[in-house]
Amino acid sequence: MRKTITSLVFSALAALTATAGNVVSLQGTEYTVDTLFHNQIGPGTTQTSLWLRNAATLDALRVFYTTMDMTNPYLSLRGVCATDKLAGNERISAMAERKSKPGQRYFVGVNGDFFYTSGTTARGVSTVGTPVGSTVVDGEIYRARNNATLYKNLVVDTQGKLYINPFFFGGTIVAPDGSQATLGGINTSSSETAASNRNKVTLYSNLHYGSTNQSNGYEVAAVLVEGEKFETAKPFKMKVVGTPTSEHDMLVPEGTYVIHGHGTAADFVAKLKDGDEVTVTCSWTYNGVSVEPYQIVSGNPKILEDGITLQSEADRGDANTRQPRAAIGYSHDGKKAYFMVVDGRSPLSSGVRTTWLGDIMHYAGATEAVNMDGGGSAVLYTSTLGIRNKPSDGSERADGNAFYVVSSAPDDSTIASIRFVDFSLKFPKYGIYTPRFYGYNQYGMLVSQDVKGVTLSCDAALGHIMGDTTFYADGGQREGILTAHYNGITASETVQIIDAVDGIKITNDSIINDGFKEYSVDVQTMIGENYMRISPLALTWKSLDESIVTIGENTGALKGLRNGTTQVVGTLGEVCDTMLVNVEIPDAHFMPMDPNLDITTWKISQTGGKNAVATAVGDGFTYTFTGASGRSPKIVLTKTLRLWSLPDAIRLRLNPGEAPVKNFVLGVRPNGGSMSYQTITPDTIKPNEELIVTLPTSDWCDPLNMGNFPLTISSIQLNMNASVVGQEYTMQFTGFETVYDAIPDVKKGDVNGDGVVNVSDVTALINKILGLSEYPDAVCDINADGEVNVSDVTALINMILK
């Protein structure tokens, strides 16, 4: 049947993408890199999709990442916690939509830290969604923990500088008498990190489950001194409210804090008095370097440092298994930031180890990077193009927190520039390409994914433009420029014409031809992961049975000659494809949908009537019933009928008698499509007069798309008005027919179309056979053998003599 080169997908993609042929080494194993997508999606921001393949093992990886120019004045990196609390789950897209507003658009996001998946406080409050590591959002500390030996902090300081290091959180709290205690954490258990946090003071805000959830030590409430701000790395003052208590698990109302002392620090808290002002100083340090964080998101392990993939933690636990993974990183000068997701747990992408993730991040341009939560959490979100990867859960997971690229540019929907969606244009000769365009506002934000009204131009030596919007590669030039024009804006892309393709696909596996309409075979070739049209002129064609179908060897235009089935074959270079052609030639303008109708094969049901009897008559039947009460009265005729050839319409003929028919509903379906129900309400329905109801094919499907045929009708429903109870009704269903416009509506044997069948039609038929006159073959083929010859003259004479 279909012949293709085994490397169809791989080779076509490699031939038709900009960076095909690049190689990346993942811990010594080489993968070829093909770029599936690359385009701008916002101010200073591009999104890239890669396909990595290992030829020896056929292993494949799907990589999705964004690159942000952090020198762009409108860009910043910001974190978000689900529901703006320490605990809670929320989809990354939902967080972005909730936080976005004019002048603050969260347009790119990646999942953040690992988070608690179970647990409640002593008060029954869920802790699910709590980030495992330290978390700071817009200068507000959601959590500060001394677990830096396990979790690494991606820090954006107050000046926008980026760091990835295991920062140690610490600080002091100083009482009015000069005594002080060490600050061990914020919104974290005083004993959660063992000895490193014991005998220290922990601060709690209302973000922490609404209470401290502690069962030891001393606690006392506090508020910020008027004019003071809770700083991430500067001294600030708090005032004690109330008397310290050892009853534990103190509530933390909005706007208040709780100072909790554990171990020896409990004595420090116990000595505080109502009204005391304490000075708090937080610090974040690593190897003697202190930072003032404005954003922190934590991950594990660090996978890239100074451009070198880190091995130190690669063999620990999950890091050495192949999983869907996410990473955040930046370039050596901090001018570019990167969000990345590698899919896993699927046939399309096997997942990566953390060392492999580091290698891919370095390939993308990062020199520093950290592994974030992975598995089903791994999601790369864009506000304009949606979720870019395929999450292993099958859909986007609700996570504990996320990290975003935020644009402060004003909202503006006016298109100031356009770009081709396809970033690389390489076509075979005779390729047909209708490009799609992205539209951007003056700040570079993607505001339209399908700009309408774009026209094209190109050098005539490269090809020509069809209908202003479609490029046809029929020129002799090997390379040239395709230019798009929109409201005075232009965009250009280099086009390369290649000699051969690695695979072709005839769009329809099979078609029906009616012997009247010539059909040009629709052919496609692959670009990236998508097919593009190619002219049938590029192929060589043949029919396997030319008595049934003829096809132009160099045109791909076919036409049926007689009823039957055969195949046509299209060849381009070393590849070919086949299509099944069923020739079904209608022999009359009207043809019965169910020839030799057998009423026992129809299911007839009715409400609003009883004692129904159906009796076959010709190509229809008589239907009698007695009127009865009933809700929504109707008659439903059910039988699935495959309609012959390419009908232009469906026609019903009936005499309703006195039956109160209101309208008709036909259940119809195109080939491969879904059932649709078409309602037809006649202008008038007169008792005891024949009624003709017609449903044109073009009213419910595209008759030019050969893939829609054969058509099927499954039900005919007559909706009724209320009948008279006890009255006998008789309806005559005289015809269930398909209509073929290619054949004139004439009597059989009326060759000259004068409305009568007589000897003049014999003369007309003879003239047709002799080539002296032209009449439709369907009218002249009296004996319906598919040919017009002297035997039809004999059949016509016999018809007249009868």
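**Entry 1**

I began with Arg669, whose bridge partner in β59 is Thr712. The model is predicted, so I note that local features need pLDDT of at least 70 and side-chain atom pairs count only at pLDDT 80 or more, while totals for chains, interfaces and linings use all residues. Residues are numbered from 1 along each chain as its sequence is written, and side-chain values use heavy atoms, with hydrogens and water left out.

Strands, like helices, are DSSP runs numbered from the N terminus (helices are H or I with at least four residues, strands are E with at least two). Two strands pair if DSSP finds at least two bridges between them. Strand β56 (residues 661-669) runs antiparallel to β59, and eight bridges join them.

I then looked up the sheet around this pair. I recorded an open sheet of five strands in the order β51-β54-β59-β56-β57, with antiparallel pairing. β51 (603-607) and β57 (676-680) stand at the edges with a single partner strand each, so one side of each is left without a neighbour in the sheet. On average, neighbouring strands of this sheet are turned by 20 degrees against each other, direction ignored. In general, strands of a sheet pair through backbone hydrogen bonds, either parallel or antiparallel.

**Entry 2: two hairpins**

I moved to β1 (residues 22-26) and β2 (residues 29-42), which pair in the antiparallel sense over five bridges. Val24 has Tyr31 in β2 as its bridge partner. The two strands form a hairpin with two residues between them, and Gln27 in the turn has a positive phi of about 50 degrees.

β2 is also joined to strand β3 (residues 45-53), by nine bridges and in an antiparallel run. Here I found Thr35 opposite Leu50 in β3. The hairpin of β2 and β3 has two residues between the strands, and Gly44 takes a positive phi near 60 degrees.

**Entry 3: backbone details**

I looked up two cis peptide bonds. One runs from Asn300 to Pro301, with omega near -5 degrees; Pro301 is in the loop between β20 (293-299) and β21 (302-305). Another joins Phe709 and Pro710, with omega about 5 degrees, and Pro710 lies in the loop between β58 (691-696) and β59 (712-720).

Which residues other than glycine did I check for a positive phi? Tyr209 has a phi of about 60 degrees, and Asn611 has one near 55 degrees. Tyr209 sits in the loop between β14 (201-204) and β15 (218-224), whereas Asn611 is in strand β52 (residues 609-617).

Is Tyr209 buried or exposed? Buried means under 20% relative accessible area, exposed over 50%, and partly exposed in between (1.4 Å probe, protein chains only). Tyr209 counts as buried because its relative accessibility is 13%. Asn611 is exposed, with a relative accessible area of 56%.

**Entry 4: the core**

I noted that the largest nonpolar core has 58 residues. Such a core is a set of buried Ala, Val, Leu, Ile, Met, Phe, Trp, Tyr and Cys residues joined through side-chain atoms within 4.5 Å. Leu558, Leu666, Leu718, Met731 and Phe736 have the most contacts inside the core.

Not counting residues up to four places away in sequence, Leu718 touches several residues, including Pro633, Ile635, Phe664 and Met731. Contact here means heavy atoms within 4.5 Å.

Definitions and conventions:
Axes fitted to C-alpha atoms, helices over the stretch in contact; angles between N-to-C directions.
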